[in-house]
Amino acid sequence: MSVDRVRTAFAAAGLANLWTGLDARFGLDSGAYFTHPLALPVLQLPCWVGADGVDPTVVAAAQASAVAGYLHARLLDDWMDGDAAHTRTDLLAASFLMALHIEYLVEAGGPGMPALGTARWGAFSRAMLEETHQRTEGRGQTPDTYARSLDRSRAMVLPALAVARHRGGLDHAVCSAVDAIVDAHQRLTDTLDLERDHACGLSTLARTALHLDDGPAAPFQDGRLDAWFAEIEQLHTAAARFEPTMPGIGAWVATRQRLAESVQKRLWMGFLKGWLGG
């Protein structure tokens, strides 16, 4: 299992205590972190791309790279968000995770992968930096800044691209599928976090599109909420179209579509309950 390989690498490097801390926070060894209903398909992506006859050892190396890279991003994201409780150990763990991410990426996709990784992780860093400036300066999120903010998650495509090296001609499809998944995921999670983000003054595209600043009823007026979820559905549909070349993505998207539908229904039920007085 990919998580096992990363944990073993920490132990071999004398960093078992760092891994124990990560596991206690995220539930890594139990598998809960990567199988959460709202989790991105970090481990599934290499499997979907490799389903058509790619050597399983290549897929396994790509999955290990995915685990290390995604955890690296999560630790930096927590740190940038001001979670200082684990700062020192998180920075140490993040450094080692990046080293593992690149090592396994090369194992899966060959020596050309680090250059591709530099471009993707550079975009990740720019997106994180822009978000920091946006919050510090109190600027609202625009469609353009939102689009760039998605680079915080797009690096997850790298392990899948490493697997795609063994099939050929799939890079565009893989990147397009990941772009749609990441966009839909961000919109859905921002919708779930609307009240929290509004309370702390964090501007998101969801908050702007749903006119939450105009009052709690605003998202439910003029068809805003339904239009917002229609955009999420369009992104899910776009990702599902890659099922012929990435077997398994369709089933994952169907599950996420049902989740989005339940969130939309729950929001409407909450509004109507309040409107009707209980």
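User: Is arginine 148 buried, exposed or partly exposed?
Analyst: Arginine 148 is partly exposed, at a relative accessible area of 40%. Buried would be under 20% and exposed over 50%, with partly exposed in between (1.4 Å probe, protein chains only). Keep in mind that this is a predicted model: local features need pLDDT of at least 70, side-chain atom pairs count only at pLDDT 80 or more, and totals for chains, interfaces and linings use all residues. Residues are numbered from 1 along each chain as its sequence is written, and side-chain values use heavy atoms, with hydrogens and water left out.

User: OK, and what does the side chain of arginine 148 meet in a salt bridge?
Analyst: Its partner is glutamate 130, at 2.7 Å from N to O. The two sit in distant parts of the chain, 18 residues apart: arginine 148 in helix H8 (residues 143-149) and glutamate 130 in helix H7 (residues 113-137). A salt bridge here is a side-chain nitrogen of Lys or Arg within 4 Å of a carboxyl oxygen of Asp or Glu. Helices (H or I, at least four residues) and strands (E, at least two) are DSSP runs, numbered from the N terminus.

User: How many salt bridges are in the whole structure?
Analyst: The search turns up 17. Among them, arginine 154 pairs with aspartate 179, with the closest N and O atoms 3.0 Å apart. That pair also links distant parts of the chain, 25 residues apart, from helix H9 (residues 151-154) to helix H11 (residues 171-192). Arginine 154 counts as buried at 15% relative accessibility, while aspartate 179 is partly exposed at 31%.

User: What does aspartate 183 form a salt bridge with?
Analyst: With arginine 187, the closest N and O atoms being 2.8 Å apart. They are separated by about one helical turn because they are four residues apart in helix H11. Both aspartate 183 and arginine 187 are buried.

User: Which residues are linked in a network of salt bridges?
Analyst: Arg25, Arg74, Asp78 and Asp90.

User: Zooming out, how many helices and strands are there?
Analyst: 15 helices and zero strands.

User: New topic, backbone angles. What about the phi of histidine 211?
Analyst: Histidine 211 has a positive phi of about 55° although it is not a glycine. Its place is the loop between helix H13 (205-209) and helix H14 (224-240), and histidine 211 is partly exposed at 33%.

User: And where does aspartate 222 lie?
Analyst: Aspartate 222 lies in the loop between H13 and H14. It also has a positive phi of about 55° without being a glycine, and at 70% relative accessibility it counts as exposed.
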